[in-house]
Amino acid sequence: MRVLVPWQSLVDSMQIPGVEPILWNINDGEPPAADVLVTERPVDPSHRSRVGRIAGLKHVHLLSIGYEWVLDHLSADVALSNSKGAVEDATAEHCLALILASLRELPRAYQLQKEESWSRLWTSSLHGSNVVVLGVGGVGTAIIERLKPFKPAQITGVASTSRTINGGIDVVSFANVHQLLPSADIVICALPHTPQTEGLIGTEFMDRMYNGALLVNVGRGPIVATAALIKELESGRLRAALDVTDPEPLPVGHALWNAPGCIITPHMAGDTGQFVELVSELATRQVQLLSSGQTPLNLVR
């Protein structure tokens, strides 16, 4: 079984009888023939189509949770799995870092440091804030668990159906989300990109948000209407902390780069050494299962 893997460390870990690991990264060039592809999300969206040009491909395993980018490039007979369980903690940790950096004005404090100016800043706080979390899947629930020790006044989840999770956290349906926005200090997006979520956070959504509220996006860029967000940032009415953008990568000269009150990180929420270790272990286990004819983990289809 020929398996394409993006890192040399994965080649080294897949010395499995009957398996031929081949070093190939989707960012680097045209693919050789293979039975299985283990891949990260390509940096350049134009490289996504390379998946569809792998002769003999039977299974794709993604080193991420999100899989929407690959669907258009897979024939119906190619199975797909993801790295659910290996990514959530790193993403939730990064989400908290974005929230705290924004609320406690760390970019401004760093600028004062560079100016050698000992000027105290009075800031907002996660403690006592009302927080709305859009999406209560693996990432959303991991974020909620990390929010609790900071003692927000209230945490409310938003999902397709109403329910109660995580020891008493109320989850409301998307049909009722607009009722939450006028009193939400922080709105966190942890949603996947689907036809239903694309553009969900648009002009009408932002108009209902509290003046001075913080919008955090660790889901997918197209969920937020970029032009509408820039308008709100430039007016000073809203703040944002984004690990994902639309477009992505964000091009040089784009207005979002220098929009006031906005922190941007380059889709790096999952990029930790621990994440690499966890996804590598899962990928190796997947290849072992596939090579022995067993059912793989985390099948998306």
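In what order do the five strands of the open sheet stand, and is their pairing parallel or antiparallel? The order is 2-1-3-4-5, and the pairing is parallel. Strand 2 (20-23) and strand 5 (79-81) are the edge strands; each has a single partner strand, so one side of each is left without a neighbour in the sheet. From one strand to the next, the twist averages 20 degrees.

This is a predicted model, in which local features need pLDDT of at least 70 and side-chain atom pairs count only at pLDDT 80 or more, while totals for chains, interfaces and linings use all residues. Residues are numbered from 1 along each chain as its sequence is written, and side-chain values use heavy atoms, with hydrogens and water left out.

Helices (H or I, at least four residues) and strands (E, at least two) are DSSP runs, numbered from the N terminus. Two strands count as paired if DSSP finds at least two bridges between them. Strand 1 (residues 2-5) and strand 2 run parallel and are joined by four bridges. Within strand 2, Ile22 is the residue opposite Leu4. In general, strands of a sheet pair through backbone hydrogen bonds. Helix 7 (residues 273-291) lies across strand 1, strand 3 (36-39), strand 4 (59-62) and strand 5. Its direction is at about 160 degrees to strand 4, where axes are lines fitted to C-alpha atoms, for helices over the stretch in contact, and angles run from 0 to 180 degrees between N-to-C directions.

**The annotated span**

UniProt, in an unreviewed entry, places the feature "domain: D-isomer specific 2-hydroxyacid dehydrogenase NAD-binding" at residues 96-269. UniProt positions follow the numbering used here, feature names are shortened, and annotations may be inferred rather than shown by experiment. The span 96-269 is 24% helix and 20% strand, and its end C-alpha atoms lie 10 Å apart.

Thr156 belongs to strand 7 (residues 154-159). Thr156 counts as buried because its relative accessibility is 6%; buried means under 20% relative accessible area, exposed over 50%, and partly exposed in between (1.4 Å probe, protein chains only). Leaving aside neighbours within four places in sequence, Thr156 is in contact (heavy atoms within 4.5 Å) with Val131, Val132, Val133, Asp170, Val172 and Leu180.

**Backbone exceptions**

Most residues other than glycine have a negative phi, and most peptide bonds are trans.

| Site | Backbone value | Location |
|---|---|---|
| Asp246 and Pro247 | cis, omega about 10 degrees | Pro247: loop between strand 12 (239-242) and strand 13 (262-264) |
| Glu248 and Pro249 | cis, omega about 0 degrees | Pro249: loop between strand 12 and strand 13 |
| Glu105 | phi about 55 degrees | loop between helix 2 (88-103) and helix 3 (106-114) |
| Glu116 | phi about 55 degrees | loop between helix 3 and strand 6 (130-134) |

Glu105 counts as partly exposed because its relative accessibility is 30%, whereas Glu116, at 76%, counts as exposed.

**Cysteines**

A disulfide is a pair of cysteine sulfur atoms within 2.5 Å, and by this rule the count comes to zero. Cys189 is in no disulfide; the nearest cysteine sulfur, that of Cys95, is 9.7 Å away. Cys189 is buried at 0% relative accessibility, and Cys262 is buried at 16%.
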